[in-house]
Amino acid sequence: MAKTDVELAVPVRRDPWITRDKVVHLLQTKGLLIAFALFLVAFSLASDRFASVDNISTVLRQVAIVGTIAVGVTIVVIGGNLDLSVGSLLSFSTVLVVDLHDKIGPGPAILIMFAAALAVGCVNGLLVGFARLNSLIVTLGMLSAIQGLTLIYSGGQNVDIADQEGTWFAFFGRDFLLGVAVPTWIFLGLAVILHVVLTRTTFGRKVFAVGGNPTAAAFSGVRRARVVFSTYLISAFCTACAAVILGSRVMGSQNNVGQGYELVVLAGVILGGTSLLGGSGSIPKTVVGVLILGFIQNGLLLLGYPYYAQWLVTWVVIILAVWLDVASKRGRLFTTTS
Amino acid sequence: MRTLAHHTAAELAELAPRAPLLHIDGVTKTFPGVKALDDVSLEVRAGEVHALLGENGAGKSTLMKVLAGNHQADRGQIHLEGEPIRVSGPHEAKHLGIVLIHQELSLAPEMTVAENIFLGSLPRRALGFVDFRKLYADAGRILDRLGCRFAASDKVETLSIANRQMVEIGRALVFTPKIVVFDEPTASLTDAEKVVLFDVIRSLQDENVGIVYISHRMDEIFTLSDRITVLRDGAVRGTLETARTNEDEVTRLMIGRALEPRSHARAREPGPVALEVKGLSCADLFRDVSFSVRAGEVVGMYGLIGAGRTEIAETIFGLRAPDAGEIRRDGEVVSITSPPDAIAHGIALAPESRKEQGLVLGMSCRDNMSLSQLGEVSRVGWLDRSAEQAIYDRYAVRLSLKSPSWRTPVVNLSGGNQQKVVLGKWLGTAPKVLIIDEPTRGIDVGSKAEIHGLIRELAAAGMAVLMISSEMPEVLGVSDRILALYHGRLAAEFDADSVTEDALVQAISGL
Amino acid sequence: MTKSPLRHLSRIPPIWMILIACVAFFSVFADSFFAIGNFTNILIQTSTIGLIALGMTVVMINGNIDLSVGAVVALAASLAVGLQADLGIVPAVLVGLGAGVALGFLNGMVVWKTGVDAFIVTLGAMMGVRGLVFLYTGEQSFFSMNFAYADFGMSSIAGVPTLAWVFLALTVIMHVVMTRTTHGRNAYAVGGNREAAENAGIRVGRHMVANFMLVGFFAALAGITLSTQMGASTPNLGTNYELWVITAVVLGGTKLTGGVGTILGTLGGVLTIGVLRNGMNLMQVPAFYVLVVMGAILIAVLLVDARVNRRVAGEVKL
């Protein structure tokens, strides 16, 4: 193209510090972060308590469950698929670990719960990866099936841990480490590990390739099915981690505790800027997306709005965020479709 | 308004040169960072076939998209029958009588042939009901005129690519348009179908329709067109009377210099057999195919689309399971059930469709290149970025890849440079056998010669190359030996030096 | 062109085979299943999901999706019940329907003008509209004080419940629209190849907005009929309906990628869900098992479909 030739030929020239192009570029790449920062500043001015260390650590703890799941789902989405079964799986895993806790002790309960969650991940992975079925429908079916399994397992009863004080299981949901809540550690720890996996390993590269163009990936010798399968295992693993946090925090579980999580998680992932088309996105983006959701909720509550006000704000914010992204790629605000 | 149809033919002949049917005047279109069209002017007369030529990225499709309302021009004016028009979208274009026959098939596969031909203008009765009787009758007439043997009620998904192209062409005949733009209409057509198409174009000419004909194929342009306009880098480089010019002049305008005559040094003595295929069969795609490729030779595989060429390549590469037959590498029977197996046996495949099969378009050049060799650029699963960079650096220079940086997503590169990334990806795996399917499809003339030279070089360096192509000059010019395929069977094998074009055509037509 | 009866038979959506099998199974094993009274029961039970599914089918044939239907159900029901004391029944119902159409218009305009994927737009709307419901109702349930409202939900014409008539009539109308009218045929073109439809001069944006308004209308109507059955509305009404509706539509053979699907198939999908729930209920199987069976059938249908399609297409292994 003509442009590239010019770029290659022209020697480096000092540009003025601020140009229109630079501003546009900054808005395009860091638009969400800038909006996030402005939004934090606005809330801080409106409410004294908002910017306090206490409040921030509260938000970080509150978003830990959604965040932990979202980190796993991000990898599935980058791989070009969806996982709507995480909400049901969260219910199932939490009920399972809480119920088994009193029967066989916390250690074995956690182990069995992880095995069960990974088995669900395997089923998703087999159906989407190896049988190549549409991920939205498969995980929609799994959403329904796991919800049923949870109810069958619990007989429709909610479950509780009898001795809430005398178990180390409380550590995951209620304790602090170096002044930071354990759920926050789990969330951010998983985020860091999976970010490294995604950016520094061959597996991560394959996830991007498979999500970007599954056919080309296969023609390049990438074993697509295995990669997709693994993304579902990761998602199930993260959901199991979230179940430990949730079960430990509540010390009990309702049958439908995870209902609706799949879509809130997806909202966080999308808000962060990971494309549902696959092949692009990142874990840090998702962390930011989840934090924005958390701070919106927290800020509005502090300002005295009812809890459902956050849903209205989320409606607007999520569409604006994705619109900004789409519009910058398109180079114009609106589509030209007639 | 007086339309041209009201004049007699004699009047028209006199009138036409003075009052062009379509006048594109000084159109400029800029995309972020790129000036796609720079003050482009073009005239199309009634009843004229005006060929539009240019390398990929020269601005042909942008110009046509401005004409069809997909893009809005920044500056400039379009006049139709002397009146200034503003085409704000495809809907308006259609209303004005401008029809674009797309190169990329623009059909809804689940719908019937008739519904596709009349897409967007289904005959209506009261209350928005479709007049199916009229629809199928009219569509049947159009198919007859095109000499098509399939039914108007067939679903498009059941048609071959060539037949789909005919459906697309049928759209030009729904009502008599003022301007029809054909964008590379013959890419997938057989010679017989081309003849029909040319007849259709001539009959449109007789009805005083102005025709813009975009093509890469010189022979077609010189057969059909009255005038030729050449675009380069978004600007018009000249408009020529077809009768008063020749291929050399047109080519020179197109690429801005004279094309060097191709002379390839053929390897004198090919080495031992690197790839041998015996009795390979797969379902109804191909039967009992046997051939061999020696180290240091280029074997061309020539045949019509649908003859099973690509499928044979895919089977060798482990993407399809054969029913029977064996594949030998360096004389030993190998079992290849997946691409990683093929890669492990030193086989590489540069596939037919770069965008769909060859490249992850959103990924950087570097990451695309290392995708086939992630094992080589990593230790226990950890990527070694400097090793990746080294691969990119080596092949960017070796292939003279023109890309702003290793970071550039391949989607932003031209077709020729995209093909180089695909080649770089495979050369890094140091293959002994390279299968290259349609190496220059959709690539401009300048890059074509470069890629051909590269294929010869690779062979000279000892690689066994199997080149699949549907372009006769390419097969004749680059290969040492030629395999002709007809209906999934190997029809004949030729020595490239002694074969005649007629013999090749007969072999792939089953004669 | 040959038009043998067999060729016609092959066009029957496969879900009807499953439906017939289910009906046969429950007729044998569940007492009191095979009775006119029970069938009309099933029709009423499925009409809520069924009505929404009619609209969703069109939107999905377009290649879009609407996740906000469950929230629209609650909004329309709350408006229709909450306003009828002040406005009277008919105006309140019209306001409810109008709200559904207006939200559909909003969703459609956003999808059209911004180019953001419908999944994302309506995911946002799903949360936002639910917020609107809570805002309007103050988290309260409303009860209809006018018995005529609930009576309508219980009424019947010629022995068949009025709501069942409404559902069947609208099904027939939508079937005709999708097979016989230009709008219906254009829906397939837009979903099958959007660029082609645009290039052919179909006003794709407007077309999609119309269909979002259609699904909004159907969701609102479903919410109102549901509230006539209960004589009340709750702010959580319709939660998870979007998932049930999508399940029914996909069971009926509509493809998420667009361009493929029929109203008859959707009817089969809706009825299959209804028959399964009703039959298992009659066999006194706990309700949870229905969820498992539904999930399994959804995936099974997909598996069979993929197997058949792949054999025909002869694709490469990936």
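Predicted model: local features only at pLDDT ≥ 70, side-chain atom pairs only at ≥ 80, totals over all residues.
Polar contacts do occur across the interface of chain C and chain A: 6 residue pairs qualify, both members at pLDDT 80 or more. Six elements of chain C each give two or more residues to the side that touches chain A, namely α5 (89-114), α6 (118-137), α10 (194-199), α11 (204-230), α12 (241-251) and α14 (287-313). Of these, α6(C) gives the most, with 15 residues.

The size of an interface is often given as the accessible area lost when the parts come together. Chain C and chain A bury about 4500 Å² between them. Carbon and sulfur atoms account for 77% of that area. The contact draws on 52 residues from chain C and 50 residues from chain A.

A nonpolar patch lies on the surface of chain A. A:Leu177, A:Leu178, A:Val180 and A:Trp185 form the patch, and together they have about 400 Å² of accessible area. A:Trp185 sits in helix α9 (residues 182-200) of chain A. Its relative accessibility is 39%, so A:Trp185 counts as partly exposed.

B:Ser106 lies in a loop of chain B, between β6 (98-101) and α4 (113-117). B:Ser106 counts as buried because its relative accessibility is 3%, under the 20% cut-off. Residues up to four places away in sequence aside, B:Ser106 touches B:Glu168 and B:Arg171 in chain B. In chain C, B:Ser106 touches C:Asn193, C:Glu195, C:Ala196 and C:Asn199.

Technical notes: Residues numbered from 1 in each chain as written. Chains lettered and ligands numbered in written order. Heavy atoms only, no water. Patch = residues over 30% accessible without salt bridge, like charges linked within 9 Å, V, L, I, M, F, W, Y side chains within 5 Å. Areas by Shrake-Rupley, 256 points an atom, 1.4 Å probe, with all protein chains shown as cover. Salt bridge = Lys/Arg side-chain N within 4 Å of Asp/Glu carboxyl O. Helix = DSSP H or I, 4+ residues; strand = E, 2+ residues; numbered from the N terminus. Buried < 20%, exposed > 50% of the residue type's maximum accessible area, 1.4 Å probe, protein only. Contact = heavy atoms within 4.5 Å. Buried area = accessible area lost by both parts, 1.4 Å probe. Polar contact = N/O pair within 3.5 Å; in protein donor to acceptor, adjacent residues only side chain to side chain.
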